[in-house]
Structures are given as structure tokens and as C-alpha cells.
Amino acid sequence: MNDAVVNGGVDPLPCGTDRDALVSLAVDGGDRALAAHAAGCPHCAPVLARARAQWADVGAAAAAPVATPPGLADRALAAVRSVRGTGGVVELAQEGGALLVADGVVALLARTAAVEFLSAGGGHLRSVTTGPGTVELGLSIRFGEVVGQLAERLRAFVTAELAPHLGARVPRVDVRVEDVTYPPSG
């Protein structure tokens with residue numbers, strides 16, 4: 001018996017070969033001495049064949065194309081825009097001139113307010129986008145929530161939170177439901 005084949009594993013085969021060594025051989029095929037032994041061993045050959053077949057299943061699953069979930073690209077881009085903004089500004093008139101606030105800052109203020117409001121329950125903020133004079137909040141709501149009531153309360157809360165920062169230039173706050181989550185079954 002070749003010493004390279006015996007590995008001293010917890011559950012060796014009757015020939016002394018460790019089952020984990022055969023699985024490693026099936027995966028990476030690196031140990032020539034073990035491969036030569038397994039080819040002629042009545043104990044190792046079926047274990048190695050089974051490991052190779054199972055690894056082939058893993059390889060096939062890994063090679064199978066995975067469809068992109070619907071809306072994933074839109075949600076990812078909305079998340080990026082909410083931090084970066086669209087390049088617009090909100091102009092705040094004040095004594096002696098105007099203060100320009102980047103719409104990305106407005107988005108972050110709106111996000112902070114929406115997350116605070118939603119921390120009490122009802123939904124989860126998925127995106128914040130800004131446009132000329134608007135902030136749009138994308139939500140995932142819990143099944144059973146009254147959408148109109150939740151949206152109106154959220155809209156009022158975010159508007160009130162933005163007012164001290166933006167004064168009369170508070171953008172219109174729109175709420176869009178992007179998803180519905182269901183309570184865990186059990």
C-alpha cells in the first residue's frame with residue numbers, strides 16, 4: 001500500500017484511503033499516486049466515481065445561467081442615484097444671496113427621515129430618487145398594511161423633517177410601492 005494514499009482520516013476505506021482525499025481528487029485531480037491507486041482499488045473506485053458524479057452536478061449547477069431578478073437593475077441604479085444624486089440643486093434664497101444644496105444631500109436627508117419613520121414598522125425603504133422639485137421614496141411594504149395611509153403618513157413625516165433644512169423649497173415627496181413582503185409562515 002502506498003503511503004501517499006493513506007491519510008489517517010476519521011473514516012478510512014478498508015484499503016486505508018481517506019474518503020476526503022478521494023473527494024479532493026474528484027474536485028482538483030492533483031494527487032497522481034492516489035489516482036493510480038484508486039483506479040485499481042475495488043474500495044476506492046466506486047467512491048471516487050460517486051464523488052466525480054456529484055462534483056459534475058455541482059459544476060453543472062454553477063455553469064447554469066441565473067436570471068437576474070426583475071427590477072434588480074432599477075433598484076441598484078436607484079440606490080446609487082440616491083447617494084450621488086442627479087447633479088441638480090435646490091436653491092435656497094437667503095439674505096445676501098442664495099445657498100445651493102445638492103440634490104444628493106436632499107436625498108440623504110429624505111432617506112434618513114424615511115428610515116426613522118419606517119423603523120416603527122410597516123415597511124422598508126428600498127430607494128430614494130430625486131428629480132426637479134421631487135423626492136421619490138421606493139418602499140417594500142408588509143402584506144396587510146393599508147398602503148394609502150402608510151404612504152400619506154410617511155409623506156407628511158418626511159416633508160416635515162425636510163422643512164427645517166429647506167424652508168419653503170421642500171420638494172414634493174412621492175411614495176412608490178416597489179414590493180410587498182409576506183410575514184414568515186410557521
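Me: At the start of H2, which backbone nitrogen does a side-chain oxygen of Asp-31 reach?

Reply: This is a predicted model, where local features need pLDDT of at least 70, side-chain atom pairs count only at pLDDT 80 or more, and totals for chains, interfaces and linings use all residues. Residues are numbered from 1 along each chain as its sequence is written, and side-chain values use heavy atoms, with hydrogens and water left out. Helices are DSSP runs of H or I with at least four residues, strands are runs of E with at least two, and both are numbered from the N terminus. At the start of H2, the side-chain oxygen of Asp-31 comes to within 3.2 Å of the backbone nitrogen of Ala-33.

Me: Which residues of helix H2 are buried?

Reply: An α-helix has 3.6 residues a turn, so residues three or four places apart point the same way. Buried means under 20% relative accessible area and exposed over 50%, with partly exposed in between (1.4 Å probe, protein chains only). In H2, residues 32-40, the buried ones are Leu-34, His-37 and Ala-38. Seen down the helix axis, they fall within an arc of 95 degrees, so they line one face of H2; the arc is taken from the directions from the axis to the C-beta atoms. The face turned away from this buried side carries the exposed Arg-32, Ala-36, Ala-39 and Gly-40.

Me: What covers the buried residues of H2?

Reply: The cover includes helix H1 (19-28) and helix H3 (44-63).

How values were computed:
Contact means heavy atoms within 4.5 Å. A polar contact is a pair of N or O atoms within 3.5 Å; within protein, one must be able to donate a hydrogen and the other to accept it, and residues adjacent in sequence count only if both atoms are side-chain atoms.
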